[in-house]
Amino acid sequence: MTDLAMGDLGAFVRRDATGGGRLELLVQGARCAGCMSKIEKSVLALPDVGASRFNLTTGKLAVTFNSAAGDPGLVMRTLEQLGYRASLFDPSVARAQEDREGRDLALALGVAAFGAGNAMMFAVPTWAGLFGQELSPATRQLMYWLAALVATPCALFAGQTFFRSAWASLRRGQANMDVPISIGVLLTLGVSFSEVLQHGAHAYFDAAVTLVFLLLIGRYLDHKLRLRARSAARDLLALQAPVAMRLDDAGRTHGVPVAEVRVGDRVAVAPGDRIPVDAEVEAGSSDVDNAMISGESASISVGPGDRLHSGALNLSGRLILRATAISEDSTVAAVARLMEIGAQARGAYVRLADRAAALYVPVVHTLALATFAGGWILGLGPREALLRAAAVLIVTCPCALGLAVPAVQVTATGRLFRLGILVKSGAALERLAEVDHVVFDKTGVLTEGRPRLVNPTPALIAMAAPLARASRHPLAQTVAAMAGPGDVAHEVIESPGLGLEGLIDGRRARLGRAGFLGVKPGCGAETELWFGFEGETAFRLVFADQLRPDAAATVSALRALGVSVEVLSGDLAGPVGLACQQAGVTDWRAGLTPLEKAAAIEALKARGRKVLMVGDGLNDAGALSTAHASMAPGTAVDASQNAADLVFTEAHLDSVPTAIRMARAARKRALENFAFSALYNVVAAPLAIFGLVNPFVAAVAMSGSSLLVTLNALRMSFEGQRR
Amino acid sequence: MTIVLLLAPISLLLALTGLGAFWWTLRSGQYDDPKGDATRILDDHLDDGPGA
């Protein structure tokens, strides 16, 4: 963080014509009014800052600079001093966050609500006329004209979303849900006009605009769901700080977005940071953790000339690297290609609502056509026959269908969101509900992904702790954390990639690799540290990646859901076998390459299994996008989070069964809603065919069915509370 | 019946005013930060208008 704040972060400022600029940051931990005023005032007091505005709802701070001298690094340091962690937003990403579509939809919803309410005001007196109340034809005519005046422009304006989508779909030679909706709205308006012109008693202006209003509610909910998931996913990625520290010719570091690193650039990587792009070590030596890339749990030591993959974690020493690939090429090309193929396969997935529409459209349109033709042939006359055909289209309107799925999915994802599980799309939830086989990655998913001491001897830990406290190396920090606060050794010298040397109570001691202490390394692939005082026996500290505490419970919970469990890992057979034995998984394979992982998933798919892949590393990205559904923990690399359908931010593995349970419940509710819509249509269609539907019945039936479907969806809010 | 001819336009005008007000709130970004706006009004030093 300190390194980052010192660099030049100009690339994150969106410049304007006057030389000033705009910067967007994600600020964590600010929740109250006090935080908001503290942040805004402190940032505003900085030189060259023209405005600072904190959005408490989204946690984003927008800073406007008056001149080119405005310093983003100073803003970040100020926030850090106030105690908030700030991450920068890429300007291109920040711009994409403006929600134009949402505003347009909200306006359309407002116009439709106005139209529905006011058309209803003129329609109600005419309904009175339907029940034998006194209403002269002239008054009815006036009311209809007034209703037409309000409803027609409103329905045409608010319905644009549906008309455009229907037109686009027809031009591709398909019929989506918006085609019957558009036909329904336009035909209803047309028939109503012709009725009023011929002084008829049945005009449906209010029904047309109410239909648009109800359907827009569903559309708006769907949009909000996608928006929330998208922006939450972007926040997660911003937290991973996509900044590389580039060195210029004078040796100074500049923070640049990773995407701007070119082949041949020199990049500095501090201990604890990830390697930004594929690169070769130019200077420095260190230990590197490849767990994210290959799944191997043991770290390797690197020095000048060694090649590193992006995503690897630098553990101990500062490294100077020369980039050998740009960011987009840095993920292994094969993995990227696999991800693309997977995404295409997923694009072909037909959503529940579209499957319902494929059934609904031909049936209802044939029925309406048959009513018209049959009525005319049986002697009703063309006008009455057309009116009945229109009534069929109106009462069987897909209102409930259009609301059935979005209402359920918004409620379900809202609940999952509060449980720390982020769902990227409604389709993802539908696919997750169909899963019957779960494949876990080992490192970082089944296990915690960081080393724990296997042989904790309190006396030994207490002896080594003063040295361990002086280092940022993760293994040393594990020892220091176990010992708790205490003294720090004096005159500590850290040799990157080797270990530490220092004085503890006046005695010289070393903590580090076996070679650093002059002893023989222990056998096997275990991660180890040695500790000893000068001239005395050295002691061995063995580390291993521990199983997550809830791994075994998760596996049995999944079995209880009727889902089989398998582990596919890139790690060695020893640690994988041990972890699987502890977690209760009998089906496992070790030493797999990313390609083999994806191929294993393909093979399962070919046998007709619906696979859920849970993985976090770069080696899982291909498998994640090949699988029917996928989940990744919030600690996963960017590529995996992008490939996954769901991201769980809580450190609990039981998020997996919870999400499956919720997805299945959502599917059940959606199907219930479809069943209800079908039942309603079965009752309403014959009524319309035999001319028993009047504008009043149509209005009540339409609103009633939509309300019922929405209420059924809201029952999802209580789902999953009884676990 | 003449009263209807008078009342109908008046009620429509009132409703249109409401719709116009809704359009204005949308355009001026008053739904962008509901949580923040609720607390801004309580602090004299904060800018209490909606964000740009």
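**View 1. Strand 17 (residues 447-453) and strand 22 (residues 539-547) of chain A pair in the antiparallel sense over four bridges.** Strands here are DSSP runs of E with at least two residues, and helices are runs of H or I with at least four residues, both numbered from the N terminus; two strands pair if DSSP finds at least two bridges between them. Within this pairing, Leu453(A) has Phe543(A) in strand 22 as its bridge partner. This is a predicted model, in which local features need pLDDT of at least 70 and side-chain atom pairs count only at pLDDT 80 or more, while totals for chains, interfaces and linings use all residues. Residues are numbered from 1 along each chain as its sequence is written, and chains are lettered from A and ligands numbered from 1 in the order in which they are written.

**View 2. Strand 21 (residues 527-533) and strand 22 of chain A run antiparallel and are joined by five bridges.** Phe531(A) stands opposite Phe539(A) of strand 22. The two strands form a hairpin with five residues between them, and Gly535(A) in the turn has a positive phi of about 80°.

**View 3. Leu646(A) and its contacts.** Leaving aside neighbours within four places in sequence, the residues in contact with Leu646(A) include Ile421(A), Leu422(A), Val423(A), Leu432(A), Met631(A) and Ala659(A), a contact being a pair of C-beta atoms, placed from the backbone, within 7 Å.

**View 4. The largest nonpolar core has 144 residues.** Such a core is a set of buried Ala, Val, Leu, Ile, Met, Phe, Trp, Tyr and Cys residues joined through C-beta atoms within 7 Å, where buried means that 20 or more other C-beta atoms lie within 10 Å of the residue's own. Among the members that touch the most others are Ala208(A), Leu432(A) and Leu646(A), and helix 26 (residues 655-689) of chain A gives the most to this core, with 13 residues.

Key: Buried ≥ 20, exposed ≤ 12 C-beta atoms within 10 Å, placed from the backbone. Contact = placed C-beta atoms within 7 Å.
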